[in-house]
Amino acid sequence: MPGSRIPERLVSAQEAISVIPDGASVAIGGHTLRRHPMALVRELIRQRKRGLHLLGWNNGIDFDMLIGAGVAAKIETSYVGMGPLGLARNLRRHVESGAVETVDHSETTAIDMFRATALGVDFLPNRTPLGTDLMTYNDGLVEITSPFTGQTYAAVRGVEPDFVLLHAHSADVHGNVQLDEANWGDNTVDPFIGRAGKHVIVSVEEIVSTEHIRANPRRTFLPREYVTRVVHAPFGAHPCCADARYGYDQDELRRYYEASKTQETFEEYLADRVTSVGDHWEYLDKVGVANLLTSATHTSNVKGADTA
Amino acid sequence: MSFSKDEIMTVATSRYIADGDTVFIGTGLPMVAAYLAKATHAPNVALMFESGVLDPRPRSIAKAVGDPRLVSTARRVSGMMDSLLMLQGGRVDLGVLGCAQVDRFGNINTTAIGSYERPSTRLPGSGGANDIASCAKHHLIVTRHNRRTFVESVDYLTTPGHLTGPGARQRAGLPGGGPIGVVTDLGVFGFDARTCEMVVESVHPGVSLDDVRAATAFELAVKPDLSETKPPSDSELDILRTRIDPEGVYL
């Protein structure tokens, strides 16, 4: 269409991340070790962002890496762990030292923070945190009474993150974002996170035409109305898995986990894998084509990893 | 046949799973226990995985334990939002949870040891555990038994048991019925109907009541008809070892 006024939103990861100021609130999609936007996470570290308030619903290596790199001042989620590998060691170190503040949720209250904003309301009622210390320490959970029945609920305060970072399978240059039909079900939460942010940056495995989007409209999980920037980042979730596109890179996850034992060895890891590497394309070169293409077919060396 | 601690815990857990129940299940020992129940006394149990897979009928049990894509024989495949909705809507009969600390009312901590702001050990947090314990009709706690875990009071109450005692869950507004039992490597425990406090129901073979008390930092009530936990049968052990977890990945 000549003179189309639909903006093109495809930019590099550097450009997309460069507008995020220190101290911003940043929500991150994905689940434990699945489909986190790791290319964007590594770019946050490269650009030396500081004091971020991270939000999520179930997090793993994404939060742990940002905490270990000194990017996060505050985290708000239901979970930060390394799945079958064990506890998140950077989280432990920096929360135990008092460097990082935590705001804890149940899974459903964490989701409701985003769902409220997506619905255009500033809170949602939820029963899960009642009677627990989630209510004691999280001022975003407040007891209320139903005007209809007198039932007690926790009001979960809605959040509108300054930025949302997600990783998906494909998008067009306008920001119509799709997931393959073969997906692992955790991505039913990402659409709510994507509908709650002021600025939504989505990295994708491949850029496709708008005709391709229109030919498969049921795969669109976030239409361009919600999306501000699209970044082309193949293997952008590495070393996490991305549904049926690729599995966990278990060797890389193990290397990360070993390195996170001490701050010193973790900084060596960051220097090697993140800060000495110019951008995501150079990162892919460093991991290597053969490694990227075969890591998913390696036999599991992590107990129980297949079901994480 | 002799058996390991994990094996008697798995068999004791499986006995809580009733035929026809819809059970919300994580990975590891509880999943193995659920498949054991399905292969023995509860063929019609519907397993609900957080990923949204409901009621798979795997042709090979061993395969089912290791493979998250149990989609080919399931009754429904959806996503996390849907599995959490089933919980919140009260359609789940039983959930199975682990813990880092548990008190006499079955309240669980998986958030922080020590103070919340400056913990001596920061743990992963609730994940879906709070949601399961708050909303499932009942839940079961499965954990190793020692004084660091069985504490007088939890440092942080992540996941509700019976809170402060009789009626406390209802007063707080929680929908689910709370914990019905605790399975450990030392014994099986219930909750007294009158006090909601943990009681010893049975001790595993070779374990004494003194062993249990020594590993528990709060006063434990004992059922008048305290018995020995029924050991795993040869056929249960055979199913576990040859059909469900033949490579010993989970137990």
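Chain B is built from 8 helices and 14 strands. Its radius of gyration comes out at 18 Å, close to the 18 Å that the globule rule gives for 251 residues, so chain B is as compact as a globular protein of that length. Keep in mind that this is a predicted model.

What about the inside of chain B? Buried residues account for 53% of its 251 residues. The C-alpha trace of chain B covers about 45 × 45 × 35 Å along its principal axes. Looking at the contacts in chain B with a separation of 6 or more, 67% come from residues 24 or more positions apart.

Now for where the two chains meet. On one side there are 45 residues of chain B, and they are in contact with 39 residues of chain A. Four elements of chain B each put at least two residues into the side that touches chain A: helix H4 (80–88), strand E9 (119–122), helix H5 (129–135) and helix H6 (168–172). H4(B) gives the most to that side, with 5 residues. As for the kinds of residue on the side of chain B that touches chain A, they split into 19 nonpolar, 20 polar and 6 charged.

How values were computed: Residues numbered from 1 in each chain as written. Chains lettered and ligands numbered in written order. Predicted model: local features only at pLDDT ≥ 70, side-chain atom pairs only at ≥ 80, totals over all residues. Contact = placed C-beta atoms within 7 Å. Nonpolar A, V, L, I, M, F, W, Y, C, P; charged D, E, K, R; others polar. Rg over C-alpha atoms; globule rule 2.2 N^0.38 Å. Buried ≥ 20, exposed ≤ 12 C-beta atoms within 10 Å, placed from the backbone.
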